[in-house]
Amino acid sequence: MSMTPLRYRVDSRVEDTDDTVTLVLTPVDRPIPVPRPGQFTMVYAFGVGEVPISVSGRSGAAGIVHTLRAVGAVTRALHAARPGDVLGVRGPYGVGWFLPAPRDADLVVMAGGIGLAPLRPVIRHAVEHRSRYRHVALLVGARTPGDLLYPDEYDDWRAAGVDVRVTVDRAVAGWTGRVGVVTTLLHGLGVEPARTTAFVCGPEVMMRFAARDLTELGVPAGAVQVSLERNMRCGAALCGHCQLGPLLVCRDGPVVGYDRAGPLMSVKEL
Amino acid sequence: MMDSAYDLLAAQPFLAGLSRSQLDELSFCTEKSYFHAGARLFEEDGRADRFWILREGHVTLDTHVPGRPDAIVETLGPGAVLGWSWLFPPYRWHFGASAVETTLTLELDGPGVRSLCEHDPALGYLLATRFMGLVVERLQATRLRLLDLYGTPS
């Protein structure tokens, strides 16, 4: 796979929250191969730098959708990109979500904060193949109601048969949703743990607690998929920056079963 | 046929493992109650003389912050236990509570349950450890939220 970024034009830009935008990118010349749900691309803000961004959707035949949060110099530059601007994209890289899940499985999708972005393709897959699965639940946690990603899509997902549950860490009177940690949404979910496949993405501490609660419920650790975030630079398993024990996250992840990831996530030095 | 208080108590995971006679004793301190959306269950600093096991619906815990809108501390749903201040002096509520939607509960009389526990130390120990587990679970959840995991990394 070429390490040279291909040029993509920003087709549209939607401000999701104060610090998060969704960019729809379309190729200026030829496109990168079609990304699978859970994969990431390296997105280049020319003259500033390159960062890994999970793919949160596709647009048309060759367009890709990225939702990103401004947290550093590169992501701030990408956040500031406007329609018509040109960015570099290479990839897609890594192992995505293991889809489709077994027929008649219960699906539990747990997202914390911007972790919903890489999970959106999982939800769209579940909606598209709703009859393939039994219960499909999306559990979303965010800091405040104003930090929720894609809230306009929740009703459509509910209408398609997804049990969407939302909780926030902080709220004031008037908020009719729930307040508490995302794992509390697992209570009374009505899934059969042994036949559940779980997809978890969010801050690593949140993923550890979510995976722990899921496995305590009886979901097999290998059926809990987590999306790891490490310092990915090359994206192609050459530089070693993203090493996590025996894994190079850019190649062996970012999606890894919790049976492999769990023991690694609890080691401080890794 | 309507379920008795005993049947409803026996179906609660929070009380799993209690003997028939212990559940029977508790049922005499229990009544079914019902709250409309928006109804206040209790007010901050009010007398804490009961607790609830939620059967359906959701309840928010809230607190008054001067100069700001009331803050919601936590939302509790079906199966959750609402209220532990009835168990410890000075028996005052630390927060207020409102029903978010139509909410069905089992309402247990605090002084009555305390009296049962004094006369039946085995029941007292069981309930004390259950409530301790509840407090630990909520403490851990609170610690997680204190980490502000979704905040901007420094």
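**Two chains, strand by strand**

Let me start with chain A, where a closed barrel of 6 strands runs 1-2-5-4-3-6, with antiparallel pairing. Neighbouring strands of this sheet are turned by 45° against each other on average, direction ignored. Here angles run from 0 to 180 degrees between N-to-C directions, and axes are lines fitted to C-alpha atoms, for helices over the stretch in contact.

Some ground rules. This is a predicted model, in which local features need pLDDT of at least 70 and side-chain atom pairs count only at pLDDT 80 or more, while totals for chains, interfaces and linings use all residues. Residues are numbered from 1 along each chain as its sequence is written, chains are lettered from A and ligands numbered from 1 in the order in which they are written, and side-chain values use heavy atoms, with hydrogens and water left out.

Helices (H or I, at least four residues) and strands (E, at least two) are DSSP runs, numbered from the N terminus. Two strands pair if DSSP finds at least two bridges between them.

Strand 3 of chain A, residues 40-45, pairs with strand 4 of chain A, residues 49-59, in the antiparallel sense over 6 bridges. Within that pairing, A:Phe40 has A:Ser54 as its bridge partner.

Which strands does helix 2 of chain A lie across? Helix 2, residues 116-128, lies across strand 2 (20-27), strand 4 and strand 5 (63-69) of chain A, and runs at about 25° to strand 4. Contact, by the way, means heavy atoms within 4.5 Å. Helix 2 of chain A has 13 residues and reaches 18 Å from its first C-alpha to its last, close to the 18 Å expected at 1.5 Å a residue. The expected span is 1.5 Å times one less than the number of residues.

Is helix 2 of chain A mostly covered or mostly open? Mostly covered: 10 of its 13 residues are buried. Buried means under 20% relative accessible area, exposed over 50%, and partly exposed in between (1.4 Å probe, protein chains only). Among the buried residues are A:Leu116, A:Arg120, A:Ile123 and A:His125.

A:Asp104 has a positive phi of about 70° although it is not a glycine. A:Asp104 sits in the loop between strand 6 (86-93) and strand 7 (106-112) of chain A, and at 38% relative accessibility it counts as partly exposed. A:Tyr150 also has a positive phi, about 55°, and is not a glycine either. A:Tyr150 is in the loop between strand 8 (136-142) and helix 3 of chain A, and is buried, with a relative accessible area of 5%.

Now a sheet that uses both chains. An open sheet of 5 strands has the order 10(A)-5(B)-4(B)-7(B)-2(B), with antiparallel pairing. Strand 10 (171-172) of chain A and strand 2 (40-42) of chain B stand at the edges, each with a single partner strand, so one side of each is left without a neighbour in the sheet. Inside that order, strand 4 (residues 59-63) and strand 7 (residues 96-99) of chain B pair over 4 bridges, and B:Val59 stands opposite B:Ala99.

On to the helices of chain B. Why is the length of helix 4 of chain B in agreement with what it should span? Because its 26 residues, 121-146, should span 38 Å at 1.5 Å a residue, and its end C-alpha atoms are 36 Å apart.

Helix 2 (residues 20-27) of chain B packs against helix 4 of chain B at an angle of about 80°, with their axes 11 Å apart. That makes the two roughly perpendicular; angles under 35 degrees count as roughly parallel, over 145 as roughly antiparallel, 65 to 115 as roughly perpendicular and the rest as oblique. The contact is made by B:Gln22, B:Glu25 and B:Leu26 of helix 2 and B:Ala122, B:Leu123, B:Leu126 and B:Leu127 of helix 4.

B:Cys29 is buried, with a relative accessible area of 15%. Leaving aside neighbours within four places in sequence, B:Cys29 is in contact with residues including B:Leu108, B:Val113 and B:Leu116.

Last, the cis peptide bonds. One joins A:Gly253 and A:Pro254, with omega about 5°. Another joins B:Pro89 and B:Pro90, with omega about 10°, and B:Pro90 lies in the loop between strand 6 and strand 7 of chain B.
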